[in-house]
Amino acid sequence: MFRRRKKATRINQLSEFFWPTAGFRRSSKYVGYRLARLKGSPYSLAAGFAFGAAVSFTPLIGFHFVLAALFAWMFRASILASALGTAVGNPWTFPFIWTMLYKVGRLMLGDDPHHKAFPDASLTTFFEGLWAGNWSNVSHIFFEVIHPMLLASLPISILVWIIFFYPLRALIRRFQEKRAQLILKAMERKSNRGFKRGKKIGVIEK
């Protein structure tokens, strides 16, 4: 139902990831419809998506899918919905998410949020330190940048989960109830047509 008629090329998939051709509003609606049409209870789907969104507000990039699936499994939520929820973290939102995590983490540590890390605090220095075994640079960057982000991600992720879970649960419940009513009405119309057809056949036979 949601597959493309024409399979997208690798280049199209990459460009779609950074700039959706359907627009961000339509893409959000598309994700919403996919979520609502998944099998599961309103709690399962909403909680799963909320876990995916929540782990997006952590600096553990590369582990978001795994963490979302793990939390969904632990709390008996939908793992598929958790995968959809990780779409909250994307190339357009990550810069804002990481900046917020760093600033809030610094505040939680009692530091100036405008505090500047030492001059060589960069990803290049971090990975070069890992490669060369220069643990001094690695530890400096961890405690200056990653540690505050990890610290802030705990309360922020919980808040994000709440923000997504309760509205989504209500919306999914409403969608499922409306869909059930439409299916019931369709079955009633079909049953009535069959009854009338059988009645006509009975009259003709008489």
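Trainee: Leaving aside its neighbours within four places in sequence, which residues is Thr-86 in contact with?

Mentor: Happy to start there, and do keep in mind that this is a predicted model. Thr-86 sits in the loop between helix H5 (79-85) and helix H6 (94-108). Beyond its sequence neighbours, the contacts of Thr-86 are Gly-52, Ala-53, Val-55, Ser-56, His-64, Phe-65 and Ala-68.

Trainee: Is Thr-86 buried or exposed?

Mentor: The cut-off for a buried residue is a relative accessible area under 20%. Thr-86 has a relative accessible area of 7%, so Thr-86 counts as buried.

Trainee: How far apart in space are Val-88 and Val-55, C-alpha to C-alpha?

Mentor: Val-88 also belongs to the loop between H5 and H6. Its contacts beyond four places in sequence are Phe-49, Ala-53, Ser-56, Phe-57, Thr-93 and Phe-164. Val-88 and Val-55 are 33 residues apart in sequence, and their C-alpha to C-alpha distance is 9.4 Å.

Trainee: At what angle do the axes of helix H3 and helix H4 cross?

Mentor: Two packed helices are described by the angle between their axes and the distance between the axes. Here H3 covers residues 42-55 and H4 covers residues 64-74, with axes that come within 9 Å. The crossing of H3 and H4 is right-handed. The angle is roughly 140 degrees.

Trainee: How do the residues of the contact of H3 with H4 divide into nonpolar, polar and charged?

Mentor: From H3 come Phe-51, Gly-52 and Val-55, and from H4 come His-64, Leu-67, Ala-68, Phe-71 and Ala-72. Gly counts as polar in this scheme. The contact divides into 6 nonpolar, 2 polar and no charged.

Trainee: How many aromatic pairs are there, and is the pair of Phe-49 and Phe-164 stacked, edge-to-face or tilted?

Mentor: Ring centres within 6.5 Å make a pair, and the count comes to 8 aromatic pairs. The rings of Phe-49 and Phe-164 have centres 5.8 Å apart and planes at 45 degrees, so this pair is tilted. The pair joins distant parts of the chain, Phe-49 in helix H3 and Phe-164 in helix H8 (residues 135-205), 115 residues apart. To come back to what you asked: 8 pairs, and this one is tilted.

Trainee: What kind of pair do Phe-165 and Tyr-166 make?

Mentor: Phe-165 is buried at 3% relative accessible area, whereas Tyr-166 is partly exposed at 46%. The ring centres of Phe-165 and Tyr-166 are 4.9 Å apart and the planes are at 75 degrees, so the pair is edge-to-face.

Trainee: Finally, how many helices and strands are in the chain?

Mentor: Buried residues make up 28% of the 206 residues. From the N terminus on, the elements run α-α-α-α-α-α-α-α. That gives 8 helices and 0 strands.

Conventions
Residues are numbered from 1 along each chain as its sequence is written. This is a predicted model: local features need pLDDT of at least 70, side-chain atom pairs count only at pLDDT 80 or more; totals for chains, interfaces and linings use all residues. Side-chain values use heavy atoms; hydrogens and water are left out. Axes are lines fitted to C-alpha atoms, for helices over the stretch in contact, and angles run from 0 to 180 degrees between N-to-C directions. Helices (H or I, at least four residues) and strands (E, at least two) are DSSP runs, numbered from the N terminus. A crossing is left-handed if the near helix is turned anticlockwise from the far one by less than a right angle, and right-handed if clockwise. Contact means heavy atoms within 4.5 Å. Rings of Phe, Tyr and Trp (its six-membered ring) pair if their centres lie within 6.5 Å; planes under 30 degrees apart count as stacked, over 60 as edge-to-face and the rest as tilted. Buried means under 20% relative accessible area, exposed over 50%, partly exposed in between (1.4 Å probe, protein chains only).
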